[in-house]
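Visitor: I'd like to learn how to read a structure like this one. Could you walk me through it?

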Amino acid sequence: IGRKVEDLQYRSQEDKARALEQDEKVLKEGVRIDTPPVPGPQREGMAPTWERVIKVPLRDATGAITNVIGLTENITELVRAGEERLALSRLMQRTQNLESLGVMAGGIAHEFNNVLQRILGHTELVLAEMNPCDKLHGDIEMIQQAGRKAVALTNQMDNERYVAVRTR
């Protein structure tokens, strides 16, 4: 209160020049100025701060502008809260994306398992009708073994997805 803009502490000469320009604009045009959040003065050993400045013209009884009233508000906590909300929002989005991916992978594993079951069922039918001495008998048994391993893999993928989603 009662201090001139030149007497205040600034981060840089550019900040001081900007403040003087704002005062001139308020004095000449009679407009209100609200600055966006800007870094506040950096004090040694202290965390960075944020502030916003509001400047309005001071008028006399005749309505003539005689001075500028400026208010600097420390909004550090508001800025930090906004940054935390943004970080949490991004984390939530990543979590939802991973969950969707897990659901999709589980659906694919389930459908793949259905296809494998049909393959295994048909190889079982072929083997039941086929003579064990037939030269293709061993090949069909290998198809059947590969199908069983694939079923075990898809079941394992589906079980791991279930555990990962359930334990979030």
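Guide: We'll go through pockets, salt bridges, a surface patch and some distances. Keep in mind that this is a predicted model.

Visitor: Let's begin with the pocket. How many residues line the largest pocket, and which lie nearest its centre?

Guide: The largest pocket has a lining of 38 residues. Nearest its centre are Val5, Leu8, Tyr10, Lys55 and Thr72. Helix H1 (13–29), strand E2 (38–39), strand E3 (50–59) and strand E4 (65–74) are the elements that each give two or more residues to that lining.

Visitor: What classes of residue make up the lining of the largest pocket, and how much space lies in it?

Guide: The lining has 16 nonpolar, twelve charged and ten polar residues. As for space, the largest pocket holds about 1200 Å³.

Visitor: On to salt bridges. What is the general idea?

Guide: Side chains of opposite charge can pair when their charged atoms come close. The cut-off used here is 4 Å between a side-chain nitrogen of Lys or Arg and a carboxyl oxygen of Asp or Glu. By this rule, the count for this model is six salt bridges.

Visitor: How far apart are the closest N and O atoms of Arg18 and Asp15?

Guide: They are 2.9 Å apart, and the two residues form a salt bridge. Arg18 and Asp15 sit about one helical turn from each other, because they are three residues apart in helix H1. Arg18 is partly exposed, with 42% relative accessibility.

Visitor: Which residue does Arg32 meet in a salt bridge?

Guide: Arg32 meets Asp34, with 2.8 Å from N to O. Asp34 counts as partly exposed at 44% relative accessibility.

Visitor: And what about Glu124 and Arg148?

Guide: They form a salt bridge too, with their closest N and O atoms 3.8 Å apart. Glu124 belongs to helix H2 and Arg148 to helix H3 (residues 137–166), so this pair ties together parts that are 24 residues apart in sequence. Glu124 is partly exposed at 42% relative accessibility, and Arg148 is partly exposed at 46%.

Visitor: Now the surface. Which residues make the nonpolar surface patch?

Guide: Leu98, Leu101, Met104 and Ile108 make a patch of about 430 Å². Take Ile108, one of these residues: its place is in helix H2 (residues 76–129).

Visitor: Is Ile108 buried or exposed?

Guide: Exposed. Residues over 50% relative accessible area get that label, and Ile108 has 52%.

Visitor: What are the two distances for Ala150 and Leu58?

Guide: In sequence they are 92 residues apart, and in space 81 Å from C-alpha to C-alpha. Ala150 lies in helix H3 as well. Its relative accessible area is 17%, so it counts as buried, the cut-off being under 20%.

Key. Residues are numbered from 1 along each chain as its sequence is written. This is a predicted model: local features need pLDDT of at least 70, side-chain atom pairs count only at pLDDT 80 or more; totals for chains, interfaces and linings use all residues. Side-chain values use heavy atoms; hydrogens and water are left out. Patches are made of residues with over 30% relative accessible area and no salt bridge: like charges are joined within 9 Å, nonpolar side chains (Val, Leu, Ile, Met, Phe, Trp, Tyr) within 5 Å. Accessible areas come from the Shrake-Rupley method with a 1.4 Å probe; for residues, only the protein chains shown count as cover. Helices (H or I, at least four residues) and strands (E, at least two) are DSSP runs, numbered from the N terminus. Buried means under 20% relative accessible area, exposed over 50%, partly exposed in between (1.4 Å probe, protein chains only). On a 1 Å grid over the protein atoms alone, a cavity is a set of points where a 1.4 Å probe fits but cannot get out, and a pocket is an open set with protein on both sides within 12 Å along at least five of seven lines; lining residues have an atom within 4 Å of a point. Grid points are joined across faces, edges and corners, and a volume is the space filled by probe spheres set on the points. Ala, Val, Leu, Ile, Met, Phe, Trp, Tyr, Cys and Pro count as nonpolar, Asp, Glu, Lys and Arg as charged, and the others, Gly among them, as polar.
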